[in-house]
Amino acid sequence: DMEVVAGEKLFETEISQHGVRFRLDFSQVYWNSRLEGEHNRLVSTFSPSDVVVDIMAGIGPFAVPAALKGCKVYANDLNPASAKYLNLNIQLNRVSGRVLPFNMDGRQFVQLLLATPEGSAVELLAAQQHMDQTTQAVRQQPDPCHHQQQLVQSSQQPGLQANGQTPSPQQQLQRKCSDSVNGSEQTATHQQLQQQLHQQPQQQGKQQSQQQDQQQRKQQQRRQQQ
């Protein structure tokens, strides 16, 4: 970035070379006044019937003088600020229609011109931009298949089986084990769940034996009372 030593922070200026006006911002675009002779020398070799392609046109030091000479110019620059001042200089020098400005990568610019040998690059670029906007709009729309899948998943309650019955505790543990293997259960590890699964039948057996013991004791107490 440029630093202002004194005065207002204004970098925009206007320069005149051989009767051609150029407006630019020194802090945003490239400009070298020492190239004025080179600009004039190269443009002097053009004929009014020539078609000129300027892949890195900047603000138009070659493109605008060539258009004033009668050439048709395809001018491109990747820098948005350069493209902005290129368009402005085209208007200042009244060469609209003879300079066709582009703001894209140089390789893509050449490929675009080679794909349009009849000179319809501007129309093709507009069609491509429209197609890109349409494609982006389509991508932003929700996927109906994904939405339907979400509806199916939300309709399945984890506490019910397919037949609408509540699963047994052992079936619930088996489901948790399978979920933990798939990575959907993070609160307990797979080994812990497997241990719970093996321990539960043993606990149930102990409870049943304790209940049987209690019943036998009650029966014995009743017999003694009789």
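Mentor: A salt bridge here is a side-chain nitrogen of Lys or Arg within 4 Å of a carboxyl oxygen of Asp or Glu. The model is predicted, so local features need pLDDT of at least 70 and side-chain atom pairs count only at pLDDT 80 or more, while totals for chains, interfaces and linings use all residues. Residues are numbered from 1 along each chain as its sequence is written, and side-chain values use heavy atoms, with hydrogens and water left out.

Trainee: How many salt bridges does a search of the whole structure find?

Mentor: One of them joins Glu14 to Arg21. Another links the side chains of Glu38 and Arg41. For the whole structure, the search gives a count of three.

Trainee: Which residues do salt bridges that share partners join into one network?

Mentor: Arg23 meets Glu14 in a salt bridge of 3.0 Å, N to O. Arg23 is partly exposed, with a relative accessible area of 24%. Through shared partners, the network joins Glu14, Arg21 and Arg23.

Trainee: What separates Glu38 and Arg41 in helix H1?

Mentor: Helices are DSSP runs of H or I with at least four residues, numbered from the N terminus. The side chains of Glu38 and Arg41 meet in a salt bridge at 2.8 Å, N to O. Glu38 is partly exposed at 35% relative accessibility, and Arg41 is partly exposed at 45%. Because they lie three residues apart in helix H1 (residues 36-44), what separates them is about one helical turn.

Trainee: How many aromatic pairs does the search of the whole structure find, and what is the angle between the planes of Phe22 and Trp31?

Mentor: Rings of Phe, Tyr and Trp (its six-membered ring) pair if their centres lie within 6.5 Å; planes under 30 degrees apart count as stacked, over 60 as edge-to-face and the rest as tilted. The search finds three aromatic pairs. Phe22 and Trp31 form a tilted one, 5.5 Å centre to centre, with an angle between the planes of 45 degrees.

Trainee: Are Phe22 and Trp31 buried or exposed?

Mentor: The cut-off for buried is under 20% relative accessible area. Phe22 and Trp31 are both buried.

Trainee: Which residues form one aromatic cluster?

Mentor: Phe102 and Phe109 form a tilted aromatic pair, 5.2 Å centre to centre and 55 degrees between the planes. Phe102 and Phe109 are buried. The cluster is formed by Tyr74, Phe102 and Phe109.

Definitions and conventions: Buried means under 20% relative accessible area, exposed over 50%, partly exposed in between (1.4 Å probe, protein chains only). Helices (H or I, at least four residues) and strands (E, at least two) are DSSP runs, numbered from the N terminus.
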